[in-house]
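Here is a two-chain model to work through by question and answer.

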Amino acid sequence: MMTLDKQPATLSASKRPRASKRVLRESFIGWLYVLPALLMYAVFVLVPFVLTIVYSFHKWNGVGLMTWVGLKNYITVFEVPNLIGTIFNAFWLVVWFSFIPVGLGLVVASVINRVATGRFGEMARTVLFLPYIIALVAAGIIWGWLLSLSGLVNQILSAIGLGSITRAWLGDFDWALSAVGIIGIWVLLGFCTVLLSTAMSKVDPSLYEAARIDGSNWIREFFAITVPLLKQEIGVCLTVTVIFALATFDIVYVATAGGPGNATSVPGLQIYILAFAQRNIGLASALAVMLMFLVVVIILPIQRLNKETY
Amino acid sequence: MKIGRGEIFAGRTLLMSLMVFTILPFISIFLTALHPSGTVPGGLDWPADPQWINFVEAFKVANMNTLIVSSLRIVLMVVPLALVISTMAGFAIGLLRIPGSGFLLTLFVFGLTLPFQGIIIPIYVLERAIGIYNTKFAIALPLIALYMPFAVFWMRAHFVNMPVEISEAARVDGATTWDLFRRIQLPLAQAPIASLGILMAIWTWNQFLLALVLVEDPTQRTMAGALGAFQGHYSTNVPLLCAGTIIILVPTLLVFVLFQRQIIKALLQGAVKG
């Protein structure tokens, strides 16, 4: 392209028809490279996305005829406490899966950067990251056992003299959802810590040195330098973990199956039950559309926060 | 650096306790797995007579050999194909900058925000319609498609940073687009392709929802999908369940230990650029 531009005007003018033909041919070839990926993506992601929206306006059991019902499914989601409740549960999980891992991850990352820059810090990063790599189903099973009546959590509580509060945590109406939240912290803390500490290690050390010469302590350094400079990475952490929280399925499916009652039921689980156990495709799809809408609505402002910094 | 002793001590104590919080669950299921099958031991009780046989037992009752074959088959279908098509797409969008690149990129990135559950119902309906439901392809095909947003985005990020001079020099020498891709760019893209491949292999091994919905026979699923079914059958036999869980964890942990750098880098950069 550049060589063409440099040619004298007369030459390039006479060549223009052929050149544009070549450009056309090249972009055609270029599109051929995208085609396989685009085709797969269209068939198994984009079309299903549109179909979910279509289903959500119908009453359908998956085999018979579809009947148009307008907004009825959406109204049902809002009216039935067990359905709209799943969305409130998802919001509560955002606190545990997102706010706590990101907040704690920031603290841990800055601790690593201050007092454990060597081997010890490297080991801490690796160890904390482990739960993020394993199957979420496995995380659910492991914690299902730890939080059970005779599990490790109660054993530790008894050992430190808190025997009176032991219970089957995942079977307790008041505590089950927060107990699921603990699983989320376990899975996501390492991801946030490693992402944030990697970003922190790239911050110009002279900034910290200057602050320390001024005698600022950890807390001032944390809020005056670390947090503002890491705005973008914090945004990334929030995005990933919020999507993770709203879309939880595996952990809840194996650890509680939504129980007790509907105390830990989340949209992902309810979609599965409505569609594949109760054959209520329309209602399940309406909940699915609401879930996807919710993700976008929450993610967009976080993304904007990212852009403002740059 | 002037950091007080107290602060160093406090900081390291915090790190230590969080490491214990992370590791204890693994230790607990390991110790539990060594107790006699069918008993309910305490979370950290030392097994008086370690029952290594539990691992053999779990391997047998969960049909692990069939399962490993089926999981590997799915991984081997998904990873190479997904790598080829996403690398080609990333090459066209990031390096050739074909007309419509911006639109294509946005289209793929949109997929990053979609939870799998949002589109699982039509995928199920579609698979029944075209006859791949409950077959070898049931999990693999949609999984390839679901990886496209991350994979294309990741490969594009590599190609967009390649210096233009390399391609221009090749063009001057009369290289076709295919030469440019196959001979020049592909060898330079080995590192990001490898990281992406490792990540997708782990994700496939760990995939649960698609396996649960699209394949009826647990032994034809991915490892994680089968573990869900195994839990349904043996939820009361805690030592056996823990042994089964460990068997499924070990391969992922091994891969992580071996390829730690690439995995962490890919996950972080993929996320940051996302």
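Q: Which hand does the crossing of H4(A) and H11(A) have?
A: This is a predicted model, in which local features need pLDDT of at least 70, side-chain atom pairs count only at pLDDT 80 or more, and totals for chains, interfaces and linings use all residues. Residues are numbered from 1 along each chain as its sequence is written, with chains lettered from A and ligands numbered from 1 in the order in which they are written. A crossing is left-handed if the near helix is turned anticlockwise from the far one by less than a right angle, and right-handed if clockwise. By that rule, the crossing of H4(A) and H11(A) is right-handed.

Q: Which residues of H11(A) make the contact with H4(A)?
A: Two residues are in contact if their C-beta atoms, placed from the backbone, lie within 7 Å. H4(A) contributes A:Ala90, A:Leu93, A:Val94, A:Phe97, A:Ser98, A:Pro101, A:Val102 and A:Gly105. From H11(A) come A:Ile234, A:Cys237, A:Leu238, A:Thr241, A:Val242, A:Phe244, A:Ala245 and A:Leu246.

Q: How many nonpolar residues are in the contact of H4(A) with H11(A)?
A: Ala, Val, Leu, Ile, Met, Phe, Trp, Tyr, Cys and Pro count as nonpolar, Asp, Glu, Lys and Arg as charged, and the others, Gly among them, as polar. The contact of H4(A) with H11(A) has no charged residues and three polar ones. Its nonpolar residues number 13.

Q: Why are H4(A) and H11(A) described by the direction word they get, and what is that word?
A: Axes are lines fitted to C-alpha atoms, for helices over the stretch in contact, and angles run from 0 to 180 degrees between N-to-C directions. Helix H4 (residues 81-115) and helix H11 (residues 231-246) of chain A pack at about 150°, with axes 8 Å apart. Angles under 35 degrees count as roughly parallel, over 145 as roughly antiparallel, 65 to 115 as roughly perpendicular and the rest as oblique. H4(A) and H11(A) are therefore roughly antiparallel.

Q: How are H4(B) and H6(B) set to each other, and what hand does their crossing have?
A: Helix H4 (residues 101-110) and helix H6 (residues 137-160) of chain B pack at about 135°, with axes 7 Å apart. The two are therefore oblique to each other. Their crossing is left-handed.

Q: How many charged residues does the contact of H4(B) with H6(B) have?
A: H4(B) supplies B:Leu105, B:Phe108 and B:Val109. H6(B) supplies B:Met148, B:Pro149, B:Val152, B:Phe153 and B:Arg156. By class there are seven nonpolar residues, no polar ones, and one charged.

Q: Which helix gives the largest share of the side of chain A that touches chain B?
A: The contact takes 78 residues from chain B and 80 from chain A. The chain A side divides into 64 nonpolar, eleven polar and five charged residues. Its largest share, 20 residues, comes from helix H2 (residues 9-55) of chain A.

Q: Is A:Leu38 buried or exposed?
A: A residue is buried if 20 or more other C-beta atoms lie within 10 Å of its own, exposed if 12 or fewer, and partly exposed in between, with C-beta atoms placed from the backbone. A:Leu38 sits in helix H2 of chain A. It has 20 other C-beta atoms within 10 Å, so A:Leu38 is buried.

Q: What share of the residues of chain B count as buried?
A: Chain B has 13 helices and zero strands. Its C-alpha atoms fill a box of roughly 75 × 65 × 30 Å along the principal axes. Of its 274 residues, the buried share is 47%.

Q: Where is A:Pro260, and what is the peptide bond from A:Gly259 to A:Pro260?
A: A:Pro260 lies in the loop between helix H12 (250-255) and helix H13 (267-277) of chain A. Most peptide bonds are trans. From A:Gly259 to A:Pro260, with omega near -5°, the bond is cis.

How values were computed. Helix = DSSP H or I, 4+ residues; strand = E, 2+ residues; numbered from the N terminus.
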